[in-house]
Amino acid sequence: MKFLSVLLLACLVVFAPQAQTPQTPLQIGIFADADSLPLIVAQEEGLFSREGVAVNLVRFSSAVERDSALQAGKLDGLVTDILAVMLLNEGGFPVKITSLTNGRYGIAASPGSSMRTVKDLKGRSAAISLNTIIHYFTDLSMEEAGLAAGSVNLVPVPKMPVRMEMLLAGQVDAAVMPEPFLTTASLKGARILAASDDAGLEAGVLAFRTPVLQNRLDAIQKFYKAYWEAAQRINASPDRYRRVLVESLSFPEEAAKAFVFPVYKKPALPGQSSMEKAGRWLLGKGLAKTLQKTADLVDARAASGW
């Protein structure tokens with residue numbers, strides 16, 4: 001009997017259910033924009049859970065707040081842009097780009113303006129946020145239109161709602177904005193002179209802290225599998241997700257109804273030429289000291305490993 005008791009106890013130990021260690025969620029910083037929509041959908045439709053990865057989406061209203069949270073170690077990854085990644089790395093915070101996203105920026109002329117193209121901005125004023133992806137897109141658009149540096153009066157207006165209000169009130173001739181402000185301004189009579197998706201600009205990205213990529217690559221690959229499934233669902237039935245724009249991303253009702261969804265692309269890295277162009281712009285503005293190597297700023301394993 002003693003032998004049988006010992007044997008039974010051994011079997012119970014071997015076959016007893018193992019306690020599950022709670023999974024630490026990936027903390028991802030997002031904005032209320034089109035780049036973040038697949039992440040919202042993946043969360044709301046249980047796709048992250050289905051893949052076995054816990055994700056916490058942390059919403060920010062400014063890049064400064066988002067980057068400060070990452071520097072403090074409160075974020076594992078973030079929706080950001082190439083320029084921000086380069087500046088974080090130069091500042092001693094190792095971050096790697098894992099894929100492009102599908103955001104949209106545009107230059108809008110004030111209601112009633114006679115301007116039709118970016119060339120018409122010569123001698124006029126345009127509200128922007130300085131030393132950001134918005135500023136970068138503005139400079140590229142001017143260069144492509146043959147406008148010399150300094151030929152447009154760039155007015156620093158950091159807060160996006162104020163920038164749009166100034167545009168609609170005619171206090172500036174143009175404003176450079178992301179969605180949903182671009183669509184909202186258009187509905188109120190502004191004219192879109194140029195948009196980043198038309199120009200093929202590779203700028204918006206998803207990025208993760210390098211230590212997180214080293215220690216939690218498997219979780220990040222599962223994250224991407226869910227992300228791509230969500231993106232495909234949006235591509236297949238975009239109108240189904242207009243309510244998400246309002247309820248989860250705070251789009252105005254009218255902007256959500258008129259919003260033209262981007263076609264979300266399978267996760268891939270930006271091209272080397274896009275990376276080098278952005279790096280040279282930072283150098284030219286005196287915002288960076290060196291031209292960083294593309295290989296040091298990207299990691300292809302996250303988006304391709306699944």
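These are my notes on helix α14 and its contact with helix α5.

**Ground rules.** I am reading a predicted model, where local features need pLDDT of at least 70, side-chain atom pairs count only at pLDDT 80 or more, and totals for chains, interfaces and linings use all residues. Residues are numbered from 1 along each chain as its sequence is written, and side-chain values use heavy atoms, without hydrogens and water.

**Length of α14.** I looked up α14, residues 272–284. Helices here are DSSP runs (H or I, at least four residues), and strands are E runs of at least two, numbered from the N terminus. The 13 residues should span 18 Å at 1.5 Å a residue, and the end C-alpha atoms are 18 Å apart, which agrees. The expected span is 1.5 Å times one less than the number of residues.

**Buried or exposed?** I found Ser 274, Met 275, Ala 278, Gly 279, Trp 281 and Leu 282 buried in α14. Buried means under 20% relative accessible area, exposed over 50%, and partly exposed in between (1.4 Å probe, protein chains only). Ser 273 and Gly 284 are exposed, on the face turned away from the buried side.

**What covers the buried residues of α14?** I noted α5, β4 (95–100) and α6 (133–144) among the cover.

**Meeting α5.** Ile 82, Leu 83, Met 86 and Leu 87 of α5 meet Met 275, Ala 278, Gly 279, Trp 281 and Leu 282 of α14. Contact means heavy atoms within 4.5 Å.

**After the helix.** Gly 286 follows α14, and I read its phi as positive, near 75 degrees.

Definitions and conventions: Axes fitted to C-alpha atoms, helices over the stretch in contact; angles between N-to-C directions.
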